[in-house]
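Trainee: Before we start, I would like to go through this model with you. I will ask what the labels rest on.

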Amino acid sequence: MKKLFPFTPFKSTSGLFVLLTLLIASLVLTAVGSAQDSPQWHLPEGATTRLGKGWLYDLQYSPDGTQLAAAGTLGVWMYDTATYEETALFTGYGYGVAALAYSPDGSVLAAGFLNGTVRLWNPETGEVLHALTGHRRSVRAVAFSRDGSMLASGGRDDTIHLWNPETGELLNTFEGHTAGISSLVFSLDGNTLISGSRDDSIRIWDVTTGEAQDPLLAHRDNVSSLALSPDGMTLASGDLNAVIHLWDTTTWTIKQTLIGHTSSIYEVAFSPDGRLLASAGEDDTARLWHAATGIHLRTITDHTADIYGIAFTPDGNTLTTGGWDASIRFWEPITGTHLKTITGHTDAVASVTFSADGSILATRSWDKTIRLWDADTGELHHTLIGHQDDVDVVVFAPDGRTLASGSQDNTIRLWDAVTGEHLKTLRGHYSYLISLAFSPDGSILASGSEDDSIRLWDVATGAGIRTLWEHEAGVETLDFSSDGSMLASGSRDNTIRLWDLETYDVLHTITEHEDDVWTVAFSPDGEILASGGHDKVSLWDVATAKLQKTFSKPIDPEEAAEVDELAEDAPAENPANATSIVFSPDGSTLVTGSYDAAIRLWDITTGEQLAVFDGHTYSVTSVAVSPDGNTIASGSVDGTVLLWASPTVPSLDAILAQILGDLNKDGIINIQDIVLIAASFGETTESEADLNGDGVVDIQDLAIIANALGNAAAAPPTDAYASEHLTTAQVKQWLRLAKREVSQLNQTAKFPSEVPYERGILILEQILETLAPKTTVLLPNYPNPFNPETWIPYQLAAPANVVITIYGIDGGLVRTLELGHQAVGVYQTRSRAAHWDGRNEFGEQVASGVYFYVLTAGDFTATRKMLIRK
C-alpha cells in the first residue's frame, strides 16, 4: 500500500511512560546553519536530538552545478556538489517545501511551501528576498522563465500565479484548471507557460494575455510532471497511470508513448544535451529512455522505496535520484554505474519505541526497514532489512532485546535488537499487519491486521496460540493490561473490545467512538483504559466499560467568538484527537501525539491540558518515553524523531527534600509540607516555614520550591525572582496536588484537624489570584531607547495565541514575532518577555528612529512606540 504523501497515523507500542507537567516552549527556527551535526541544525527549543533529516519532495541543481538543493519537510537542505556535504538548512518556517526552481543565473532559489507561500532566497547567504502570498493552498510547482524575468507558481487551489521575481509583484493569475497544479514549464522564448494538473489535463497559456489553448487530454490520471527538451521541440509529460507522452510542441500531437513503469510516475527530466529522458516513480525505479526514439535504455533498481525526484547535473555527467528509502543516489547515466549515496533523509516515521533499559530507540518508516538508534548519542546502530513491503509497526519485548516488526508483506519478524540478527518469521495473517503488543512477561505476542483478526503467538516457538474474530475492520491498536489478564483492541470499525485472555471471550465492547480508533492504553493499575482517534480522546472504566472523561483542548478566543452565543446549553468544545497515547508511571497524566503535530499532556483527574510540545512540521504518529523518564521521543510524518529533555516535575520526596524540612514530621516531604508553608504566610516569629531565613514566611519561600522544580541555581530569591518563577501554572499544579491529598486524607480518616491544611489551600488560591492578571496589557519595552536589542513585556488575562508585530514610522512591516499559544500570566522578565534583536524579516539591522509595536492576543490588540538610538 504505497503512499504518495503518507499521512496515516500509527500507535506507539512502547509500554514506557513519564510524568510531564511543565510547558515546552514553541518551535523556534532560524535561517543559518552551525558547526554541529547537520540533523541538529535548528532544533526546536527543548529538543536535544533530531534523528533523520526528514523526507524530501524535490531536487534541483544550481545552473553552475556547484549546489544541490533538496526540498523536504524541514525546509531546503543545501549541498556542496564538490563534497556532497550539507552547507545549510533553509528552514520551512514550520512548513514543508514541495517545489524548487533556480533562476537562470543562479542568484535566486524559489521554493513553493505547503502553506501556500512562495519564498525567494539568496542561495549563497540564505537571505529571504521575497515572501509571496496569494495561493490559498499548498504550492506544488514553481518555474522561472528562461530570461529570469518571470516566476510562475502553481497551487492546489487550482490557480497559477505569475510574479516579477525582482520586485515580488503579482503580474497575473491564470484560472482554468479544475484541480491542483502539479507541474509548470516555460517555453524557450518565455511567451508560453505549460501546466500539468491533477485534473488530468495539460494547458498551454499565453503569458501576455493569460488565455489558454484547448487543453491536452491524453492523460487519464494526474499529470504529475512536465519537462521541455533543450531545443524546445518536445514536451515530456508523466502521470500517475504510469504513462509518459512525448509531444511535438509545434502541433501539440503525441510523438511517442513510453510504457515501462508499473506504477505512478513522479518526475521526468531531459539530459542537458536532449539525448536522454529520465523518469522516476512509485515502483522504486528510475528509467532512462532514448529521447528521439522512445527506446528504453536502462532501469535503475537499487532504491528500496518510491523515487520522488530525478535530476541531471548541468554538464550531464551525473544523474541524481532521490528516494523515500532515506537516500539520494548519484549515477553515471550512460552505464548506470553507482557513484555515491547521501543518507539521512528518512521517510515518514510512523512508530518509535524504547527498549526496556532505554538504551535503544527503534523507529520504522514506510521504506521496508527498521532503524535502531543509540538513545543517548543518536547514533544509528542497525538498519534491519528483510521485509518485502513497508513496515507498519515495531515493538520491543519486555526483555529489551527482542524486537517484533509487522509489515504490509503480511508477516511478523522477530529480531535481536543488540546484534540486528533476524530470529524468526511469523506467518498466518491474510492481509498486512497494523498493530503489535507483547504480554507483560514477554511470552505472548498479539498482532492485529487489516484482515480484521487478532492473532496470539508463542514468542519462544513462533507457533500460533489463538485467533480472535470480532472486529469488522482493521485492528489498529492493541495493549495488554499490566497483569496480562486482558487485551484491549481498537479498530476502524469504531469499536474497542476488551478480551479475557483465559477464556478468550469479549468482556466489553465500547461503541461510543464515532470514527476510527487509532490507539488504546491501559493505566498502570489496570483500572482505566484510554483511547484515542480522530474524533476524541477518552478514559473508560475497565470494570464497567463506562465513559469517565473526554478531553478537550483549550479553546482559542477567536474560535470561541465564532460559537453561537444563543446556544446557552451547548458550550463550545474543542475535542482532542490522538494518534498515540501513553500514561505516566503513576497514572496521573496522559501523553498524546496528535494530527496537528503537537504532543499534549493531560491531567486525568481534572481533564485539564497541562502542556503542549511543538516542533514537528507534520502530524505526530507515535510517542514514547525512556524508562528513566528523562527523554521523550516523538515520531512524525515529517520523517524525523525528536528527543526532548523531559520537563518533568520531580517527585516531592526526592527533590524538595533537598531544600525543605519535614514540616508535619510524617517522615516524608510532600504536598502537605508546601500547603503548611502557605498556611504560615505572614508569620514573623521563628518558623520552620521561613526557608530563606529572612524573618518572614512569604512568597519568596514558595519561590524556593519553584527554584528547585525549575532546576535553577540555588540562591536566595528576590521579589523579581519570585514573580518570574512562581507562575500560575506552578501554583495551579500545587493546588491540584494539595486538594487531591486532602481528599485522600479525608477518605482515610487521617486528616489531622489541628493542622491548618485548608488555610494553606486558601492562601495558595489567593496567590493564584494575585498572579493571574485581571486584564490583558501591553507594557512599555525596556530598555528604551535601545541599541541593538529590547524586551517587550505584556500580561495575559486569558490564554491566547500571541503575536508581536513591529512597524516602521511609515507603517511598513518590519518584523513579526510569533510567540505561539501562551497561558495566563505576566510576561515581564527577560526570560518571559518578547525579545527583539533590532533586525527586520530579512535579518538586517534596522536604522535609528521611532518604531511601533503591536500586541495581538486573541481579540485584544494594543500599540506602543519605541526608539532605536545608534
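Mentor: Go ahead. This is a predicted model, where local features need pLDDT of at least 70, side-chain atom pairs count only at pLDDT 80 or more, and totals for chains, interfaces and linings use all residues. Residues are numbered from 1 along each chain as its sequence is written, and side-chain values use heavy atoms, with hydrogens and water left out.

Trainee: How many helices and strands does the protein have?

Mentor: Seven helices and 64 strands. Both are DSSP runs, numbered from the N terminus: helices are H or I with at least four residues, strands are E with at least two.

Trainee: Why is Ala-545 called buried?

Mentor: Buried means under 20% relative accessible area, exposed means over 50%, and partly exposed is in between (1.4 Å probe, protein chains only). Ala-545 has 13%, so it is buried. It lies in the loop between strand S47 (537–541) and strand S48 (547–550). Its phi is positive, about 65°, although Ala-545 is not a glycine.

Trainee: What share of the protein is buried?

Mentor: Buried residues make up 59% of the 870 residues.

Trainee: What makes a set of residues a nonpolar core?

Mentor: The members are buried Ala, Val, Leu, Ile, Met, Phe, Trp, Tyr and Cys residues, joined through side-chain atoms within 4.5 Å. The largest such core here has 26 residues, and Trp-77 and Ile-328 touch the most other members. Strands S2 (56–61), S3 (67–72), S4 (75–80), S25 (307–312) and S27 (327–331) each give two or more residues to this core. S2 gives the most, with four. Another core, of 22 residues, lies apart from it and includes Tyr-794 and Leu-855.

Trainee: Which contacts join residues at least 24 apart?

Mentor: Contact means heavy atoms within 4.5 Å. Among contacts between residues at least 6 apart in sequence, 46% join residues at least 24 apart.
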